[in-house]
Amino acid sequence: MYRIGELAALYDIKADTLRFYEKHGLLSPSSRSDSGYRLYNQDDSERLKFILRAKAVGFSLNDIADLLSIEVDKSNRACAEVKGLVDTKLEQVEAKLAELQHFATSLKSLSNTCCGGPDSAEHCSILEALESSEQHIIAKKEQHHFSHSGHKD
């Protein structure tokens, strides 16, 4: 049996993390000592390992709860359910990556439009682009560098 601090140390996490997982119904101590300490057994340790691995690949707490509900009732659940959860998470990650790539492209475009010189920001192309529409930011991507005075760098 492990006390909360011992189990936390085993996985290099804080005891508060275990309390958090308990609060969200992901992990419960098997028992409590006479003095009220949470006590965890080997099954609890394995469950924690499962939670941490699922978290490490990007699953949310709700996703992990769904996975755990399948895990505890494997014989009555289909592999397709697990694959469905993974595929949904993969779609979300791919959409987020596309969004981040869009951000990177837009930021690079903004950076490329500015000379970055010591002149006043009164005619800063980045500020001007942000004052306009998003399409303007993207459209400026192909322009050459211009200084604040409007002359080509």
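Trainee: Where is the place of E128?
Mentor: In helix 6, residues 125-131. Helices here are DSSP runs (H or I, at least four residues), numbered from the N terminus. This is a predicted model, where local features need pLDDT of at least 70, side-chain atom pairs count only at pLDDT 80 or more, and totals for chains, interfaces and linings use all residues. Residues are numbered from 1 along each chain as its sequence is written, and side-chain values use heavy atoms, with hydrogens and water left out.

Trainee: What is the relative accessible area of E128?
Mentor: 36%, so E128 is partly exposed. Buried means under 20% relative accessible area, exposed over 50%, partly exposed in between (1.4 Å probe, protein chains only).

Trainee: Which residues does E128 touch?
Mentor: E122 and H123, not counting residues up to four places away in sequence. Contact means heavy atoms within 4.5 Å.

Trainee: How many Å apart are E128 and L110?
Mentor: 9.9 Å, C-alpha to C-alpha. In sequence they are 18 residues apart.

Trainee: New topic. Which residues of helix 4 are buried?
Mentor: D63, I64, L67, L68 and I70, in a helix of residues 61-71. They line one face of helix 4, because they fall within an arc of 160 degrees seen down its axis. That arc is taken from the directions from the helix axis to the C-beta atoms.

Trainee: And what do they pack against?
Mentor: Helix 3 and helix 5 (79-113).

Trainee: Where is confidence lowest?
Mentor: In helix 7, residues 134-139, at a mean pLDDT of 53. Helix 3, residues 42-56, is highest at 96. pLDDT is the predictor's confidence in each residue, from 0 to 100.

Trainee: What is the mean for the chain?
Mentor: 87, with 86% of residues at 70 or more.

Note on methods. Helix = DSSP H or I, 4+ residues; strand = E, 2+ residues; numbered from the N terminus.
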